[in-house]
Every structure is written in C-alpha cells, then in structure tokens.
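New page in my notebook.

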Amino acid sequence: VNSGYCASRLLGHKGGVYTIGFPQEGEANGNGTVSPGIALPGETPWRTITVGKTLAPIVETTVPFDVVKPLYPAKGEYTYGRGSWSWIIGMDGSTNYKEQLRYIDFSAAMGYQSVLVDALWDKQIGRDKIEELAKYGKDKGVALYLWYNSNGYWNDAPQTPRGIMDNAIARRKEMKWMQSIGIRGIKVDFFGGDKQMTMQLYEDILLDANEYGLLVIFHGCTLPRGWERMYPNFASSEAVLASENLHFSQGSCDNEAFNATLHPFIRNTVGSMDFGGSALNKYYNADNAPRGSRRVTSDVYALATAVLFQSPVQHFALAPNNLTDAPSWAIDFMKEVPTTWDEVRFIDGYPGKYVILARRHGDKWYIAGVNAQKETLKLKVNLPMFSNGEKVRLFSDDKALQGSVKQIGIGKKQELQLSIPCNGGILITK
C-alpha cells in the first residue's frame, strides 16, 4: 500500500468468513475520510494470503516483497546495523547531553554503528549540542538517529520535536540540517491511523528523507506492507507492542516469552519489526536496581530474540553497565550478532508455545529458540546447515535460567537434543 490508497485489514465474522476492513472513523482524531480516493484508471494494493500444510511457508514467505517494486531509486548506499538507545532504560530523563555521550561510548565499545537519541532532544539537549554529539560520534564511528513526533492536527502527543515532519517546508529544512551534520536516520512516532491521508504522510516523509540520504524508522505506526522494497530508505516499523511496554508493565514482562513466540509467525513474518529488545538488565532502570519492572526471561533468551526478531536496524535495550554486570559470553555475542539476513528456515514451534528458527548471514547460520510453556521443552531437531563433525557454540539455560555456553560437535545425523526451560532460550552458531 502507498499514498494511492488506505491501509486495510481483515475483519472476522461468523462461520470463518473474513472481509476487508477500512480504517475507523475515529482515527486521526476524526479527520480525513475512511474511504480512499482513487483516480481512474487506478489500482488497489496487492492483497496476499500465505497458506501451507505446515507453519514453514508462513514464517519463510517473501510474498509481501515479491509483488511490489521500488517507487524511487535509493539516493545512495544505506548503512544498517546495530545500535543502542538510552530511553528504554532511562526514559525521558536520559535524553541529555552527558548520557548520550555515554551511550555513544557504549556503542563504540560494542562495535555498534549508531545511537538513537529519543524524544525531547530539542528541549533537553538542543540543536547545537546535537551537532557536537554527531561530531563526537563520527570520530568514534557511531552515527545518530533522531526521534520526531509525526504530528499535525491528528495527534495530541506533547513530545517534541513537533510540527516538523507533517510540513513539507519545515521537514525538508530539518532534513537538510541533519544531512549537513551527518545524521544517519530518523525515528518518526505517533501516527494517526490507516486513512489515506496518513499513507500520504508516510510516503512524503520517506521520499524527502531519501533526498537527504536518511534512513527512516516508524514508531507508533501501521504495519509495513512491502515497504522495505517499495521505499529503499525505509528501515523498519514498530507496529507491535514493543519493548517500551516491558518498562511500563510487569504484566508485559511476565508475558514476554509468550509474545515472543507469536511475533515470528504473525507480525515479523510480513515485515521488519522495530522491537528494541534484548535487554540484559535485570530491572528496567538505569541503576539496574530492584525496583520497577523486572525481567523474568533469561540472558540466553535475550540473545535468542536478537536473532528471532528481524530488523535491518536494531537499537538494542542494552545499557553501558552491561559491559561489567552481564555475562561476558552474552556481551560477546551481542557484539557479533548481524541485523541483516540472507535466508530464514522454520525449524519447529507453535504460536504462543515455542519457536525455533534458523537465520543465515553470509555463510554463517544462527539457530535461535525460546520457550513460553510452563514445562521445559525437550525436543530433537535436525540441523542440516551444519556438517558432520562441525564444531558449534551452544548457548543454553539450566532450570534456574542460568545461562552458559559450550562448544559441541555435530554428529552424523546432524541432530541435536535441545532443552529449553520456561522463559529461557537456546542459541546455536559457529
């Protein structure tokens, strides 16, 4: 879907009947029409259904990208990769000059390519200091992403910068400034719905950003529908109850593994997902102290979701203190994990219970799994991507969710017996 139509959804009815649903009247604060306007001759967006005798075709499908083509050429070669962001752990108060310096140093220590500077940077840091941060980051090989509010009249969210991304003149002026100081990309938040007017805004932001060589991540937004290919500078969209909910709610933490077993089958199978997870803090606060939301999943689980959740730009929920308070094997893996993949294979799983996937980056395979069931998951898996006698690293949890890593050999049958406790994970790679 692009600016020529609205985004749509499936509505379920009795007897297993589904119909196409248009946006709701209340979206965009009631502004804009629910029905799209289309010039004739015209065309509606592709709508696809993936079915299979097993879950593999659903997880591995590429049909959202097979039926679309780029709408404009990429301005240049875009750089994806890994990054950090302070907001998920430190919230709004962490958007200050000193803390962003610390996170740039942290990203550099991790070998990461970027830092996301979240909401309120214009008030709490200021543009002059952002320029200083950008220069400091460049000297360390770390680029910045800047957060923006999408809003015009359809959005009452108070977080700033406001009133820029919805106005072509202000937007292009801002993007020219960002280009001049070496900003890598933008994260635009708080979109109003799925009406055609909002699809036009997405497209306008993407097109202008491409002119200034900026990658775009959308947050508080609609499901991406073929956009990775349609818009060459589109990186990712949230469009899911992402990691911020783990900070806000212990209930979300308690259900973290359950939700993680849904995303590879549902949300993430149709488009890149900006989740912002893989926290290694025990608690969602800057002191990693026993207050607020507590993580109930294991460190191996955190590593596994870095592979399970696909996005070409990953701003992980890691914190500088993890360099000293997290297991060295966990930090070492998070320094190496890729963000782009050449192939995905479904190995086993079922939504809401467990999932095990294999992803390939170049000639290296990563097998990752998590378990949401109360009982420990024990199963034998076939791993034909590894050869007989090949040595691999196995990251696994014991019953107390204490993780460890060991080297093992692949046997003649290329099979491994796995054991994953509730809220735990598994990870296998060379």
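This is a predicted model: local features need pLDDT of at least 70, side-chain atom pairs count only at pLDDT 80 or more; totals for chains, interfaces and linings use all residues.

Is Asn 155 buried or exposed? Asn 155 counts as buried because its relative accessibility is 8% (buried is under 20% relative accessible area, exposed over 50%, partly exposed in between, with a 1.4 Å probe and protein chains only).

Residues are numbered from 1 along each chain as its sequence is written, and side-chain values use heavy atoms, with hydrogens and water left out.

Next I checked where Asn 155 sits: in the loop between strand S5 (143-149) and helix H7 (168-181). Helices (H or I, at least four residues) and strands (E, at least two) are DSSP runs, numbered from the N terminus. I found the Asn 155 side chain reaching the backbone nitrogen of Ala 157 at 2.6 Å and the backbone oxygen of Phe 190 at 2.7 Å.

Then I turned to salt bridges (a side-chain nitrogen of Lys or Arg within 4 Å of a carboxyl oxygen of Asp or Glu). The structure has 18 of them. I looked up Asp 299 with Lys 282, at 3.9 Å from N to O. This pair links distant parts of the chain, 17 residues apart. Asp 299 is buried, at 10%, while Lys 282 is partly exposed, at 40%.

My last pair was Lys 364 and Glu 336, at 3.3 Å from N to O. Lys 364 lies in strand S12 and Glu 336 in helix H15, so the pair ties together parts 28 residues apart in sequence.

Methods
A polar contact is a pair of N or O atoms within 3.5 Å; within protein, one must be able to donate a hydrogen and the other to accept it, and residues adjacent in sequence count only if both atoms are side-chain atoms.
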